[in-house]
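Let's take a walk through a protein fold together, one piece at a time.

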Amino acid sequence: MPTARPDQPPRAWQRMLSGRRLNLLDPSPLDVEISDIAHGLARVARWNGQTNGDHAFSVAEHCLVVEDIALKLKPDLPPHWRQAVLLHDAPEYVIGDMISPFKAVIGEAYKAVETRLQAAIHLRFGLPAEIPQTVKKLAKRADIISAYFEAVELAGFDEEEAARIFGRPRAFAHGKDNRLQYGLEPLPVAQAQEKFLERFHEIEKLREAGNKPSGERANA
């Protein structure tokens with residue numbers, strides 16, 4: 001791979017399939033496209049790919065699960081915050097999904113890049129750069145619940161170990177034996193990408209409908 005000339009600073013941008021060039025050090029909302037996000041997230045594996053099945057469990061699919069769980073936890077969550085939850089891991093379309101232990105090793109440098117990218121993504125889709133703490137906490141809770149199910153159903157953890165690390169999401173227990181199960185199934189890349197895009201656009205339509213005048217909404 002070509003490197004920068006000694007008299008030039010290292011290249012800090014990545015060219016996307018949309019043709020956009022996204023600068024990781026100073027990302028612009030104008031260079032963020034949902035098609036690039038969906039494409040990238042569908043090709044990034046959770047758990048460093050250490051999951052069962054013929055396909056990796058992608059970050060795109062994880063985001064869909066987290067948004068679904070968040071909606072179960074708070075059924076009246078407004079569409080714009082549902083979109084924020086869906087996009088909670090969106091920076092990973094650029095920087096990949098580093099497992100938590102490795103993030104701890106890298107420290108603040110990773111977090112700073114991730115925060116700048118998240119702010120640019122939020123602004124691109126009409127969300128505040130910094131979302132409210134209540135929404136962050138909801139997304140985090142749903143994220144941890146998803147991680148529990150992923151650990152047990154896909155990543156080879158037993159229930160006791162997963163419960164020690166992530167906690168036991170008892171509200172999701174069901175069945176005769178009160179088992180905790182979500183029913184995760186890793187999807188092929190193209191299907192995960194399509195489902196993520198579909199969900200994003202479904203929420204966009206809900207947001208648009210909510211922004212119409214009341215009379216227009218009634219007639220829509």
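Before we look at how helices pass one another, you need one term: a crossing is left-handed if the near helix is turned anticlockwise from the far one by less than a right angle, and right-handed if clockwise. Keep in mind, too, that what you're looking at is a predicted model.

Start with α2 and α9. The crossing of these two helices is left-handed. Their axes come within 8 Å and cross at roughly 40°. An angle under 35 degrees would count as roughly parallel, and α2 and α9 are therefore oblique to each other. Who touches whom? On the α2 side you'll find A60, C63, L64, E67 and L71, and they meet A192, K195, F196, R199 and I203 of α9. Sort the residues of this contact by class and you get seven nonpolar, no polar and three charged.

Now stay with α9 (residues 189-210) and look for another partner, α3 (residues 79-86). Here the two helices pack at an angle of about 160°, with their axes 8 Å apart. That makes α3 roughly antiparallel to α9, because angles over 145 degrees fall in that class. This crossing is left-handed as well. From α3, the residues P79, H80, R82, Q83 and L86 take part, and from α9 they meet F196, R199, F200, I203, E204, L206 and R207. The contact of α3 with α9 splits into six nonpolar, two polar and four charged residues.

Let's go back to α2 (residues 59-73), which also meets α7 (residues 133-153): their axes come within 8 Å and cross at roughly 120°. That makes α2 oblique to α7. Is this crossing left-handed or right-handed? It's right-handed. The touching residues are H62, V65, V66, I69, A70 and L73 from α2, together with L138, A139, R141, A142, D143, I145, S146 and E150 from α7. In this contact, nine residues are nonpolar, two are polar and three are charged.

Is W47 buried or exposed? Its relative accessibility is 18%, so W47 counts as buried, the cut-off being under 20%. N48 lies in the loop between α1 and α2 too, and it has a positive phi of about 55° without being a glycine.

Another stop is α6, which runs over residues 108-124. This helix has 17 residues and reaches 24 Å from its first C-alpha to its last, close to the 24 Å expected at 1.5 Å a residue. Its buried residues are Y110, V113, E114, L117, Q118, A120, I121 and H122. Just after α6 comes G126, with a positive phi of about 75°.

Finally, zoom out. How many helices and strands does the protein have? There are 10 helices and four strands, and along the sequence they follow the pattern β-β-α-α-α-α-α-α-α-α-β-β-α-α. Of the 220 residues, 40% are buried. And if you take the contacts between residues at least 6 apart in sequence, 63% of them join residues at least 24 apart.

Technical notes. Residues numbered from 1 in each chain as written. Predicted model: local features only at pLDDT ≥ 70, side-chain atom pairs only at ≥ 80, totals over all residues. Heavy atoms only, no water. Expected span 1.5 Å × (residues − 1). Buried < 20%, exposed > 50% of the residue type's maximum accessible area, 1.4 Å probe, protein only. Axes fitted to C-alpha atoms, helices over the stretch in contact; angles between N-to-C directions. Parallel < 35°, antiparallel > 145°, perpendicular 65-115°, else oblique. Contact = heavy atoms within 4.5 Å. Nonpolar A, V, L, I, M, F, W, Y, C, P; charged D, E, K, R; others polar.
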